[in-house]
Amino acid sequence: MLILMRHNLRIVAPTLLWTGILVFILVALVLLAQFSASSHFKVETAGTLAEQFIPLIAAFFSAGVLDAEMKRGAHELLRSKYRPLWHTLLYRLVVSLLLALLVGTIMLGALHWGVKRLPLGMLLLASIPSALCLALISLWTRLRLGNAFMGYMAALAVWLANLVMTTIETGLGGIVINPLLTMTSYTHRLHAEAAGALETTPFVDWWWVSKIALMVVSAIIFYSVTRRVENLVEAD
Amino acid sequence: MAKQLGKRLRSWARTLTKLALLVLGYFWLGAAYKLFYAQTHDLTRFKGQLPLSFYQQQFILESLLRQTWMFGPDFREYIGTPPSVRALTSTNPQAVLADYCRQREQELSALPTRYPRSLFNENALEDAFLMSQGAAFLGTATAREKPVRGLAIQADNGSWRTVGLPELYRSAGLARRLADEYPASAQAPTALLRVAQMEEQQGHTTQSRTLYQRITLEYPQSPEAEDAANALATAAYTSGHLRQSRDLKQHALEVAEQTAREKFPGQPLPASTAFKVLGYHLDLSEVNLQLQQLKQVQDSLALANRETQRLKTLPSLEQRLKEDLSSAQHRLQRVHDEAWVATLFQDLKVGVPGPPPRPHEYSATGRVLVDNQPFPGVEVVLSDSHNNDFNPGSLVGIAGSHYRAVSDAQGYYRITGVPAGIYWINAIYPLHSAPLGNAVVTPISNPAIKTTRAMPQLNSSLGGITITNKPVSLPVLRFQQALTTNSFGELPPTGYAVPLSWQPWPGAAAYRVEVLAAANNVFFFNLRVPRAKRAVFVQHPVLWQSAKTSALQVACPLLPLAPDRPQGVRFAQYEYVVTALDNKDKPIATSAIPLSRFVLSPEACVALLKLKPHVYRERLNPKGFWGRRRR
């Protein structure tokens, strides 16, 4: 398995060059902002970074995981492998996700040792379902519209929609529009814990249900992506 | 070409349909999850920022999008529809909300009857209770409903300010229905507690104590049991049953500690909760001292001391808690000293001294008459200056006062246990008097009720009744039959005036009408008065006064009713007083203000604004921006 992962990493890595530069700049800006206002840094801020920033990086990395074959018109290479197509897709996805988590770990690690102690493991674990979901949305849009840039844009749109929903909910004084399909359920729990309102804030005790729901949605999108790639290959 | 266009349009329609289904699916899934969560959790512990129940708050967007149909007709009726935004912005929003609350109360209270097996019946009754209370308060304030009881608040020189009180008997009925029909519901103890507190406020002591006992017996582990036990302990202490008071206080402490353990498992208690526990230990130590149980006193003092030391070590305590902690420490020291004296006496075997002397408490008696006949059912309340904060109109001080009594069939009342001090006298009375055949009544000024000034130069008052070192007999509270007014509520205009009418008064030769700003609306109109005269204006805010007339109706012009900011006319509320005069222009009767409240209809507001009334403004900085005094 590790050999396959390394093999897929060698295929995916060159497609991430320009995206990687963009991500590097973003991470640098975020770290600069947090270190300059380190007195206001809280665990909830780290939760926001983990559940909103890491998925965005994963979406940027995942949009082009199939570009190595598809950009050159060599779709049949994807079907010609010994393993089933969904294995290949899964490996590529996991590789891009791991890269995103690595970037996130570096960012949160810098804050953990530089500013304040954080529950790193829990933050990274909570970011995985959100990252997987947004990554698959990005990949699905790329396959549907044939352009990685559209994949980035779709993921960005979903991310912005989630941000807007969260802002509206905060402004509406506790009204929650959809507590199930939200990327920031663990951050809400951190906020409630910090305010000492864990018992009196609804939905925060079932934050893990939201993560399971995101995994289910991810599975559905992954199935759709697999079918789409098969159709594309067979059409050729 | 047409075929291609048709194909393209169909494709667009498919895409838009999928997009719409995606968005609706997002809301449907969220609604389904919220419903499942609500059915599996105790909703009483969720208190949102908006004064709405959980379901009403969380499903407000679904009701706006008309998506509440998916969980059945009972759920759709339970959530209902929010009030019209257009109505809220075009008319008096308080009046619109009052009507909305009353309508929702009726719908929600009928839900259990229409859908006996609905999952939302308990929540519906709970929400109906809240809506009923909202309708009562808003309805009385906006003259949507005529009050049944009035509150006479003592003003200067023996005069009275009267306001109508919201009628809460419907709310009490709904709460009782919830507790009786759904005793296993999580809202049942809260409903019972509310009913008990309402009965206590209305002076029905026996009923309130029965309900408090029911809470402690049927729901001993609920947070409401703590409040009920506290109320019973206070009542037992007042009536001298110290052992019972101690046992009830101990029970309240146990419930408080259990609730705190459930809320903060394995964590140190927050400051407010720890302070509450400290208060319980101090209360128990005082009661045990009176019962001469010195061992228990020492135990309670030790626990209280430990809590005090822990609270003192907390780094960031709120200012209010710091002050309370300081007074608790004084109390702790006092009890500690008394316990030391008692222990000394016990060790010397000369008998433990009696309970420490209680502060001087006396009784206040008086009589209430209406047209020289006994007036039963009038609740007389003494509120002290500390509660009122030098403002006799403070309803909070009146509601929170324990010094109250209801007049009996002969009109006599007796208020016991009143410590020495200066008090305001207030009366809660039925607006329609049974002795006078349900005629409307109003209080009469009584110059015997003097006002004590705290500091004359500041024009602030302490109260009208002084209790020093003996029982006091209060001046007779007199009521008289009032002139009946017809105009009430939302009044339409007649041209550029509003008609005000009333019933004739026997023997009246003429009438005079004064239109005032309603008691809670004076700030809308006070900028027109010079600052030096504002205090006088606030006491009697006359906006318009008619000439003497023998007719039974006057047309009050709209222009004087314009607020300082005329655009706010839809929020303004008014009252009017009709005075009947005899042949010598001597007043012989007045109307009852609580039944003479009105607001301007939307048409009247439009007519008023057409007159382009003057806009009053007040400069905050008379020297202007550049620091130079304006010419």
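Predicted model: local features only at pLDDT ≥ 70, side-chain atom pairs only at ≥ 80, totals over all residues.
Trainee: Thanks! Is B:Lys612 buried or exposed?

Mentor: B:Lys612 sits in the segment after helix 19 (602-610) of chain B. Although not a glycine, B:Lys612 has a positive phi of about 50°. The cut-off for exposure is 12 or fewer neighbours. B:Lys612 has 10 C-beta neighbours inside 10 Å, so this residue is exposed.

Trainee: And where is B:Asn438 placed?

Mentor: B:Asn438 is another non-glycine residue with a positive phi, near 65°. B:Asn438 has 11 other C-beta atoms within 10 Å, and therefore is exposed. Its place is the loop between strand 9 (432-433) and strand 10 (439-443) of chain B.

Trainee: Let's turn to helix 13 of chain B. Which helices do its buried residues pack against?

Mentor: Helix 13 covers residues 271-290 of chain B and reaches 29 Å from its first C-alpha to its last, close to the 28 Å expected. Its buried residues include B:Leu278, B:Tyr280, B:Leu284 and B:Leu289. The buried residues of this helix pack against three elements of chain B: helix 12 (242-263), helix 14 (294-313) and helix 15 (319-347).

Trainee: What percentage of the residues in chain B is buried?

Mentor: Chain B holds 19 helices and 23 strands, and its C-alpha trace spans about 110 × 85 × 65 Å along the principal axes. Among contacts between residues at least 6 apart in its sequence, 69% join residues at least 24 apart. Of the 631 residues in chain B, the buried share is 36%.

Trainee: Which helix of chain B gives the most to the side that touches chain A?

Mentor: In all, 19 residues of chain B are in contact with 15 residues of chain A. Helix 1 (2-39), helix 2 (54-58) and helix 3 (60-64) of chain B each supply at least two residues of that side of chain B. The top contributor, with 6 residues, is helix 1.

Note on methods
Residues numbered from 1 in each chain as written. Chains lettered and ligands numbered in written order. Contact = placed C-beta atoms within 7 Å. Helix = DSSP H or I, 4+ residues; strand = E, 2+ residues; numbered from the N terminus. Expected span 1.5 Å × (residues − 1). Buried ≥ 20, exposed ≤ 12 C-beta atoms within 10 Å, placed from the backbone.
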